[in-house]
Amino acid sequence: MDRAMKGIRTKCKLADALRELLETRPLERVRVHHLTDRCDIHRQTFYYHFPDVYALFAWAVREDGAELAARLAAAPGWREALELLLRDIPPRRGWFLAVLNQASPESRQAFFDGLLAPIAEKAGISDPGGVSVILLSLLEKWIRDGCGPVPEGMAALLEGMEHSGHLGV
């Protein structure tokens with residue numbers, strides 16, 4: 001295995017360990033030794049890839065956002081993409097809370113914009129800014145409130161726009 005592939009694999013293992021830890025503790029309580037113990041790697045290996053836990057978190061936010069956005073873009077329609085997103089969040093609620101609470105404003109915005117863009121595009125929304133803001137506020141409230149019943153407002157918002165002719169579908 002070449003060095004680049006091994007490095008990516010190590011970064012992904014560390015990101016997976018971080019996501020797991022964030023399900024039970026806030027980011028500020030995650031230490032390098034927690035991650036290296038879970039991954040069975042040396043501290044020096046961690047520091048070869050990242051200067052600190054926050055740099056790993058920023059990298060993981062970008063990578064996870066891109067991977068999930070690609071899965072949403074592959075969904076056949078906006079309803080399926082929205083359902084996929086709503087199914088993906090509850091088992092990883094701690095991760096999504098960390099993104100909401102700990103990511104830089106720019107990273108948080110890019111992460112959620114990347115998730116909502118495929119849904120808006122599939123729904124034919126020509127100017128997704130306003131709709132994305134509403135969807136994001138509904139999504140954020142749902143995550144913070146514990147991911148209970150699926151927020152009907154999300155699909156209803158898009159369906160209402162579709163039926164009133166505001167969507168280009």
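In the predicted model, the packing of helix H4 against helix H6 brings Phe57, Ala60, Val61, Asp64 and Leu68 of H4 into contact with Trp95, Phe96, Ala98, Val99 and Gln102 of H6. By residue class, this contact comprises eight nonpolar residues, one polar residue and one charged residue. The axes of H4 and H6 come within 11 Å and cross at roughly 120 degrees; since angles over 145 degrees count as roughly antiparallel and those from 65 to 115 degrees as roughly perpendicular, the two helices are therefore oblique to each other. The crossing by which H4 passes H6 is left-handed.

Helix H6, spanning residues 93-102, also packs against helix H7, which covers residues 105-123. Here the axes come within 8 Å and cross at roughly 130 degrees, so that H6 and H7 are likewise described as oblique to each other. The contact is formed by Trp95, Phe96, Val99 and Leu100 on the side of H6, and by Arg108, Phe111, Phe112 and Leu115 on the side of H7. Its composition is seven nonpolar residues and one charged residue, with no polar residues.

In soluble globular proteins, nonpolar side chains tend to be buried together. The largest nonpolar core of the model contains 50 residues, among which Leu35 and Phe57 touch the most other members. At least two residues of this core are supplied by each of helix H1 (3-22), H2, helix H4 (53-73), helix H5 (78-88), H6, H7 and helix H8 (128-144), and the greatest contribution, eight residues, is that of H4. When neighbours within four places in sequence are left aside, the contacts of Phe57 are with Leu18, Leu22, Leu27, Trp95, Ala98, Val99, Gln102 and Ala103.

Apart from its neighbours within four places in sequence, Thr36 is in contact with Ile41, His42, Arg43 and Phe46.

Conventions:
Residues numbered from 1 in each chain as written. Predicted model: local features only at pLDDT ≥ 70, side-chain atom pairs only at ≥ 80, totals over all residues. Heavy atoms only, no water. Contact = heavy atoms within 4.5 Å. Axes fitted to C-alpha atoms, helices over the stretch in contact; angles between N-to-C directions. Helix = DSSP H or I, 4+ residues; strand = E, 2+ residues; numbered from the N terminus. Parallel < 35°, antiparallel > 145°, perpendicular 65-115°, else oblique. Nonpolar A, V, L, I, M, F, W, Y, C, P; charged D, E, K, R; others polar. Core = buried A, V, L, I, M, F, W, Y, C linked by side-chain atoms within 4.5 Å. Buried < 20%, exposed > 50% of the residue type's maximum accessible area, 1.4 Å probe, protein only. Left-handed = near helix turned anticlockwise from the far one by under 90°.
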